Structure formats: structure tokens, C-alpha cells
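Please look over the sequence and the structure before reading on.

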Amino acid sequence: NDADLKARINKIDTLDFGNKIILGTVANVGMKYKGHKYVFEAMYELKKLGMNFEYRLIGNGDQTRLKTLIKKFGLEQEVIFLGSLPHNKVFEELKTLDIYIQPSLQEGLPRAVVEAMSLACTVIGSNAGGIPELINPSMVFKKRNVKQLITILKNLDKETLLFESKNNFNKAKEFEDAKLTQIRQSFYSSF
């Protein structure tokens with residue numbers, strides 16, 4: 001929806017990097033391979049430099065391991081567990097984020113990334129699975145490479161967010177149901 005792009009542009013225009021930047025991930029919080037740990041490590045280092053992030057986790061799963069890591073890194077005030085949400089509420093939450101992050105160690109073609117992109121969200125992701133096929137190479141970090149993730153986060157500015165927002169919104173259009181149905185039908189017809 002073009003209104004989502006317009007709303008995102010307005011959100012970026014009013015963003016103050018001196019205030020809290022809202023990150024978010026949609027994934028099962030009990031699965032180690034989703035890579036939340038690496039975002040915590042990056043936040044810990046950036047917090048020491050005076051940068052202020054909040055990380056919202058959407059998804060079910062056992063929170064015990066992550067809560068232990070959060071305590072280890074002193075991020076109790078910066079990480080929020082939202083739990084499992086109905087699909088429409090996930091979209092509402094994605095609209096509140098400044099940056100969507102997919103730090104996975106393994107992945108297919110993550111639907112959550114495409115959904116964030118469809119709302120014109122800037123997306124940062126690891127080089128796992130199909131993530132690099134979806135997002136700008138400058139927003140991709142090597143799995144487990146916290147230094148690369150920190151560099152990406154430190155270098156974000158309004159100009160980059162606006163560019164990524166528009167780019168991601170347009171890329172997400174490739175995954176509209178009508179287009180995918182046409183591709184599937186063409187594929188099946190070839191047999």
C-alpha cells in the first residue's frame with residue numbers, strides 16, 4: 001500500500017538519532033539459529049558508545065536462554081518480548097519499528113523480511129539463506145559477525161533509511177500474490 005511508504009517516509013523525516021532507535025525481529029525466540037544473541041552483542045557495544053537502541057522481539061518460544069543473555073549484557077531495559085501476536089498485530093508492530101533485523105544463522109526466504117519490506121521498513125540481515133536475495137548488499141552482514149552488524153548500525157542516517165525504505169518497498173512488490181500466482185501458473189504450464 002502506497003500509504004505505508006508515505007507513512008514510513010514521514011517517520012524517517014521525524015526520526016532523531018539522539019533518541020532511541022527501535023529494532024525488531026519476528027522469529028521464534030527459543031531457537032538459537034535465529035541469531036538474537038548477535039543483536040544483543042551489538043547493542044551492548046553500541047550502548048557503551050552512547051547509542052540508544054530498543055529491541056522488540058515478536059514470536060513465541062522459550063525465553064529463558066535469551067533472558068540470561070540479556071542480563072549478561074545489561075540490556076534488561078532495552079529488550080522487550082512481545083510474544084506471539086495475531087498477524088494483523090504483527091503488521092501494526094512492524095510499522096512502529098525504525099529498523100527490522102533478521103540475524104539468522106540459517107533461513108529459507110524469510111516471509112517476515114518480505115512483510116517488513118512491504119511496510120517500507122529498512123531491513124538489516126545476515127547472509128543466511130535467501131536474505132541476501134531480498135535486501136541491499138550494504139545491509140547484509142556475515143552470520144555471527146557482530147563487528148559488521150555494528151558497522152552497519154553505526155553508519156545509518158536518514159538518507160540511508162529513506163533509500164532503503166523506498167528500495168525495500170519496491171522489492172516487496174515482486175512478492176504480491178497476483179504476481180506469484182502468475183509465476184506459479186507459468187511454471188506448472190511448462191510441464
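## A charge over a ring

The charged end of lysine 67 sits over the ring of phenylalanine 81, at 5.6 Å from the ring centre. The rule asks that NZ of Lys or CZ of Arg be within 6 Å of the ring centre and within 35 degrees of the ring normal.

## Basis of the values

The model is predicted: local features need pLDDT of at least 70, side-chain atom pairs count only at pLDDT 80 or more, and totals for chains, interfaces and linings use all residues. Residues are numbered from 1 along each chain as its sequence is written, and side-chain values use heavy atoms, with hydrogens and water left out.

## Aromatic pairs

There are 2 aromatic pairs, where rings of Phe, Tyr and Trp (its six-membered ring) pair if their centres lie within 6.5 Å, and planes under 30 degrees apart count as stacked, over 60 as edge-to-face and the rest as tilted. Phenylalanine 40 and tyrosine 55 form an edge-to-face pair, with 5.9 Å from centre to centre and 75° between the planes. Phenylalanine 40 has a relative accessible area of 0% and is buried; tyrosine 55 is also buried, at 0% (buried is under 20% relative accessible area, exposed over 50%, partly exposed in between, with a 1.4 Å probe and protein chains only).

The rings of tyrosine 44 and phenylalanine 73 have centres 5.5 Å apart and planes at 50°, so this pair is tilted. Tyrosine 44 is partly exposed at 30%, while phenylalanine 73 is buried at 11%.
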